[in-house]
Amino acid sequence: MVTRTVDLRSDTVTKPTEAMRTAMANAEVDDDVLSHDPTARRLETEMARITGKEAALFVPSGTMGNLICVLTHCPIRGSEVILGDSCHIHIYENGGISTIGGVHPRTVKNNEDGTMDINQMEAAIRDPRFEICYPTTRLICLENSHAHSGGRCLSPEYIDQVGELAKKYGLKLHIDGARIFNASVALGVPVDRLVQAADSVSICLSKGLGAPVGTVIVGSETFIARARILRKTLGGGMRQVGVLCAAALIALQENVGKLEGDHKKAKTLAVGLNKIKGLNVDIDSVETNIVYCDILKSVNITETKLCKILEGHGILILPEGPFRIRMVLHHQISESDVHYTLSCMQQAVNGVHGKQDGK
Amino acid sequence: MVTRTVDLRSDTVTKPTEAMRTAMANAEVDDDVLSHDPTARRLETEMARITGKEAALFVPSGTMGNLICVLTHCPIRGSEVILGDSCHIHIYENGGISTIGGVHPRTVKNNEDGTMDINQIEAAIRDPRFEICCPTTRLICLENSHAHSGGRCLSPEYIDQVGELAKKYGLKLHIDGARIFNASVALGVPVDRLVQAADSVSICLSKGLGAPVGTVIVGSETFIARARILRKTLGGGMRQVGVLCAAALIALQENVGKLEGDHKKAKTLAVGLNKIKGLNVDIDSVETNIVYCDILKSVNITETKLCKILEGHGILILPEGPFRIRMVLHHQISESDVHYTLSCMQQAVNGVHGKQDGK
């Protein structure tokens with residue numbers, strides 16, 4: 001019977017630590033809608049400081065963080081936003097910016113490293129002379145680290161370049177920084193430097209930093225004031241929310257330092273998987289805590305089947321087909337878990353090979 | 001120096017109890033988006049049972065609860081919903097059903113008791129023969145207890161009548177039951193009987209029941225399945241949300257029994273205020289935990305000024321102008337607090353009278 005569980009589905013699975021549970025139980029709270037919950041205020045002040053922005057706002061999820069930022073930058077009907085064709089906002093947020101916010105997306109191809117070509121972005125900006133049939137471009141969105149490319153990092157120089165482009169055309173710049181701390185640690189660049197060019201950033205506390213719930217968005221005072229109203233409208237105005245913010249503060253204090261360890265574990269896993277005959281990992285693309293692994297034809301097993309086999313060993317992985325799986329490392333995965341995963345993976349691939357030989 | 005605080009602004013100000021804090025710290029949790037958080041599941045199962053519906057869904061706020069229900073009942077562009085002209089959805093939810101959801105509101109006058117005339121509701125239902133220029137009515141919304149009328153209760157018979165009307169025209173019925181437990185206790189009618197005719201109900205745990213955060217919506221399995229997706233789209237998909245659900249379960253177990261006491265305190269306050277010369281309360285309209293108090297011309301003070309004076313005594317009240325204030329009782333207001341409030345109110349009114357006499 002397998003009692004060991006190694007949950008590599010996402011860094012969102014992180015459970016609150018003892019320190020977080022204690023903090024939640026003792027949190028000083030107040031009605032964050034009628035007043036300002038004091039623990040929420042502490043968290044928001046700290047996040048504004050860390051990011052070098054004027055103000056911050058706690059929201060229930062990264063999806064709401066991005067939704068609020070895009071909609072607040074684009075309050076006028078007929079707006080368009082430029083974003084990567086494989087970015088999280090475009091692929092994994094239910095098309096909410098359009099279905100909920102009426103904002104039109106204009107995608108630009110994401111390169112393998114998570115960037116978009118500056119030229120292509122510039123070409124995608126709508127010419128106002130044709131406004132009779134064009135929406136109006138108001139915003140560019142970047143994602144750092146870029147999840148779909150494997151958690152790859154955008155450099156501060158690249159982000160600054162995009163910021164210059166945005167300024168040149170009077171556009172705003174939003175960064176989906178769900179894993180901005182991972183990027184910061186991997187690049188060795190402080191978060192405020194990384195997001196310097198951005199008008200707004202959305203940052204998850206519930207992923208690698210391990211808080212149970214929540215994201216914080218940052219921006220100017222006026223931006224956050226409008227964002228607060230939209231948060232209420234969407235239904236994200238919670239009452240004694242300090243309970244959650246207390247855990248988020250612990251996450252900030254205690255878990256940023258653990259991210260480097262997650263990146264090391266990811267590298268160990270990547271290198272080990274790549275050594276297994278029948279599996280392939282682009283080691284150079286593993287920059288943070290995400291590992292994509294391809295299943296080669298020689299193995300002749302689908303990604304779904306492989307995940308099922310591993311589930312039998314207590315290892316939870318998401319298929320990112322076709323013939324591709326994704327693993328996400330976090331502080332509640334140990335080095336021993338990584339080695340266990342590698343040996344189960346070897347078994348699984350051998351098992352399939354074995355079946356094939358036996359035919 | 002005033003150190004005593006009597007917060008009568010709303011029942012949303014209730015802070016988590018020791019039992020809730022302990023439950024939150026010990027909550028069994030999981031990623032409620034990738035999996036199903038076990039404590040959320042327990043809460044949702046219990047709420048479905050209590051209301052006699054098939055399924056339930058925890059959401060961050062009453063605003064999101066109503067927004068999800070209206071939008072899920074009205075997924076097709078060009079939909080219209082009939083609701084009271086002073087209901088919470090129409091007045092206090094940022095017009096979100098329209099600005100976010102594209103649903104058109106058709107209001108019918110709310111009577112003083114919170115009901116709408118059945119004839120007027122029927123007359124407001126769009127005739128499909130005129131669809132070339134009319135939106136399509138899909139939903140009727142009721143609110144129980146009805147906040148703006150002073151927390152007044154809709155009877156099960158009335159709700160059933162509206163339900164019959166809805167069925168006759170193929171419409172759905174949603175109840176904004178933010179304070180449905182207050183109505184249930186005041187009427188002596190179980191919640192499931194009260195909401196029997198409804199297709200969906202939105203119920204706050206964070207108001208009189210005292211949980212720090214959250215609302216639960218209930219409905220059919222298929223309705224809740226679609227609601228879950230919309231919840232994610234709006235950004236209400238939280239991860240280890242069992243932390244909050246644990247407190248909500250305590251609220252359900254421990255605080256429903258306290259609501260009757262809140263209603264008694266409201267009556268005591270109402271009767272006492274009405275005895276003060278210069279103030280007027282319609283005692284018969286005080287059915288649950290909300291008290292509206294009018295300031296008569298003889299006092300010659302605005303509602304804002306009166307609230308300011310009381311704030312100096314540590315009593316927090318919201319003006320609901322003109323010349324009207326609102327007080328909401330909850331389990332963290334004691335009988336002693338009620339008497340303190342009455343004596344400060346008497347002082348405040350005397351003080352103004354005194355100033356006038358001295359002119």
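This is a predicted model: local features need pLDDT of at least 70, side-chain atom pairs count only at pLDDT 80 or more; totals for chains, interfaces and linings use all residues.
**A buried lysine and its surroundings**

A:Lys207 is buried, since its relative accessible area is 13% and residues under 20% count as buried. When neighbours within four places in sequence are left aside, the residues in contact with A:Lys207 are A:Asp11, A:Thr12, A:Thr14, A:Ala178 and A:Arg179. In UniProt, an unreviewed entry lists A:Lys207 for the feature "modified residue: N6-(pyridoxal phosphate)lysine".

The UniProt record also places a domain on this chain, again from an unreviewed entry: "Aromatic amino acid beta-eliminating lyase/threonine aldolase", at residues 7–294 of chain A.

Helix H8 (residues 180–187) of chain A has as its buried residues A:Ile180, A:Phe181, A:Asn182, A:Ala183 and A:Ser184. These buried residues of H8(A) pack against several elements of chain A, namely helix H2 (38–51), strand S6 (172–176), helix H9 (191–194), S7, helix H11 (242–255) and helix H12 (259–275). After H8(A) comes A:Gly188, which has a positive phi, near 70 degrees.

The largest nonpolar core has 121 residues, and the members that touch the most others in it are A:Met47, A:Phe181 and B:Phe181. In chain B, not counting residues up to four places away in sequence, B:Phe181 touches B:Met47, B:Ile50, B:Val191, B:Ile203, B:Leu209, B:Leu252, B:Val256 and B:Leu259. Another core, of 50 residues, lies apart from the largest one, and A:Met64, A:Leu71, B:Met64 and B:Leu67 are among its members.

Finally, how do two helices from the two chains meet? Two packed helices are described by the angle between their axes together with the distance between those axes. Helix H10 (residues 221–234) of chain A packs with helix H3 (residues 62–73) of chain B at an angle of about 55 degrees, and their axes are 7 Å apart. H10(A) is therefore oblique to H3(B). On the side of H10(A), A:Lys232, A:Thr233 and A:Leu234 take part, and they meet B:Thr63, B:Met64 and B:Leu67 in H3(B). Sorted by class, the contact of H10(A) with H3(B) has 3 nonpolar, 2 polar and 1 charged residues.

Conventions. Residues are numbered from 1 along each chain as its sequence is written. Chains are lettered from A and ligands numbered from 1 in the order in which they are written. Side-chain values use heavy atoms; hydrogens and water are left out. Axes are lines fitted to C-alpha atoms, for helices over the stretch in contact, and angles run from 0 to 180 degrees between N-to-C directions. Helices (H or I, at least four residues) and strands (E, at least two) are DSSP runs, numbered from the N terminus. Angles under 35 degrees count as roughly parallel, over 145 as roughly antiparallel, 65 to 115 as roughly perpendicular and the rest as oblique. Contact means heavy atoms within 4.5 Å. Ala, Val, Leu, Ile, Met, Phe, Trp, Tyr, Cys and Pro count as nonpolar, Asp, Glu, Lys and Arg as charged, and the others, Gly among them, as polar. UniProt positions are given in the numbering used here, feature names are shortened, and annotations may be inferred rather than shown by experiment. A nonpolar core is a set of buried Ala, Val, Leu, Ile, Met, Phe, Trp, Tyr and Cys residues joined through side-chain atoms within 4.5 Å. Buried means under 20% relative accessible area, exposed over 50%, partly exposed in between (1.4 Å probe, protein chains only).
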